[in-house]
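Visitor: I'm new to reading protein models. Could you walk me through one, feature by feature?

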Amino acid sequence: MRRINSGGVVRLIPVVLDADVDIPAAVQHLLWLSVDELAIGGVVDEVVRVVYGGSRRPALGPPPEFSSTQSTAFATDTVDDLVFRLVVEEWKKDGLSTVLMSNGIQAAAEAAGVSAEAFVESIEALVAENLLDATPRAGRKRWRINPLPDHVWLRAEEQAGLDLLEVRRRVLSLIINDGVRRLDPAEIGLHEFTVRAIARQLESDGLISVSQMANRTFLIGNVSALARRALRG
């Protein structure tokens, strides 16, 4: 048989009509179709598919939730970012103020397509990056997660759309203009961690002194003369 040149626009698709026919060596390397296996209709469909560039591969399914719906505002790794956001969401639930266990967070991560091994790796990575303060329990099968550092929590709130400058001014206004000396997060309409972080910022700036009470409120002590200027500024 003469050498077959399939250059240019020529597509050669050998069709085997009988089941007991040997395929010539010159075309064994090509895609060939068998009437015995596909029937005439199947062979025609396959020829049309090849000519028009179709594929036998099934359509790709949707990507895992964590790979398509999460931004990487906090961690460069997509799974780490998802796990971190799940931690923040869990902390925002009512009734939490001192300690959080990872059971519910891991269940939510697994529902989004994160394996148990990947979850543990992400927790350890977030701890190494100082985004989480977590201690392993039960042989690293679960984790005790402590409240987030103030700057990390405020960054999470800002990413969620909270105007931190406006919140700071509102807290200062309550202290300076309204004479409030006990900040109650429930009355202000902010999360306990947010009020605590803002109050600590004001204290660090030398504007107030603050102490946290057992009932999750914050007692304002000394108020600096600079506090009013800070509110005006």
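Guide: Let's start with one term: a contact means heavy atoms within 4.5 Å. This is a predicted model, where local features need pLDDT of at least 70 and side-chain atom pairs count only at pLDDT 80 or more, while totals for chains, interfaces and linings use all residues. Residues are numbered from 1 along each chain as its sequence is written, and side-chain values use heavy atoms, with hydrogens and water left out.

Visitor: Then which residues is P185 in contact with, leaving aside its neighbours within four places in sequence?

Guide: P185 touches L190, H191, E192, V195, R216, T217 and F218. One of these, V195, is 10 residues away along the chain, and its C-alpha atom is separated from that of P185 by 6.2 Å.

Visitor: And does P185 count as buried or exposed?

Guide: Here's the scale: buried is under 20% relative accessible area, exposed is over 50%, and partly exposed is in between (1.4 Å probe, protein chains only). P185 counts as buried because its relative accessibility is 6%. In the protein, buried residues make up 35% of the 233 residues.

Visitor: How many helices and strands are there?

Guide: Helices (H or I, at least four residues) and strands (E, at least two) are DSSP runs, numbered from the N terminus. This protein has 10 helices and 8 strands. P185, for instance, sits in helix α8, residues 185-188.

Visitor: Which residues of helix α6 are buried?

Guide: Helix α6 covers residues 150-159, and its buried residues are V152, W153, L154, A156 and E157. They pack against α3 (78-91), α7 (164-176) and α9 (192-204).

Visitor: Which residues have the most contacts inside the largest nonpolar core?

Guide: A nonpolar core is a set of buried Ala, Val, Leu, Ile, Met, Phe, Trp, Tyr and Cys residues joined through side-chain atoms within 4.5 Å. The largest one here has 52 residues, and F84, V87, W91, I145, L148 and L183 have the most contacts inside it. Helix α3 gives the most to this core, with 8 residues. Take I145: leaving aside neighbours within four places in sequence, its contacts include V87, W91, V99 and L100.

Visitor: Now the sheet. In what order do the strands of the open sheet come?

Guide: Two strands pair if DSSP finds at least two bridges between them. Three strands form an open sheet in the order β6-β8-β7, with antiparallel pairing. β6 (182-183) and β7 (208-212) are at the edges with a single partner strand each, so one side of each has no neighbour in the sheet.

Visitor: How many bridges join the strands β6 and β8?

Guide: There are 2 bridges between β6 and β8 (residues 218-223), and R182 has L219 as its bridge partner in β8. β7 and β8 pair over 4 bridges, with Q212 standing opposite F218 in β8.

Visitor: What lies across this sheet?

Guide: Angles run from 0 to 180 degrees between N-to-C directions, and axes are lines fitted to C-alpha atoms, for helices over the stretch in contact. Helix α9 lies across β6, β7 and β8, running at about 145° to β7.

Visitor: Which residue in the turn between β7 and β8 has a positive phi?

Guide: The general idea first: most residues other than glycine have a negative phi, and most peptide bonds are trans. β7 and β8 form a hairpin with 5 residues between them, and R216 in that turn has a positive phi of about 70°. R216 is not a glycine, and its relative accessible area of 32% makes it partly exposed.

Visitor: Where is R140, and what is its phi?

Guide: R140 is in the loop between β4 (134-137) and β5 (142-145). Its phi is positive, about 70°, although R140 is not a glycine. R140 counts as partly exposed because its relative accessibility is 41%. Just after α6, G161 also takes a positive phi, of about 110°.

Visitor: Last one: what is the mean pLDDT of the protein?

Guide: pLDDT is the predictor's confidence in each residue, from 0 to 100. The mean for this protein is 82, and 78% of its residues reach 70 or more. Over residues 68-72 the pLDDT is below 50, and this stretch has 9 contacts in the model beyond near neighbours in sequence.
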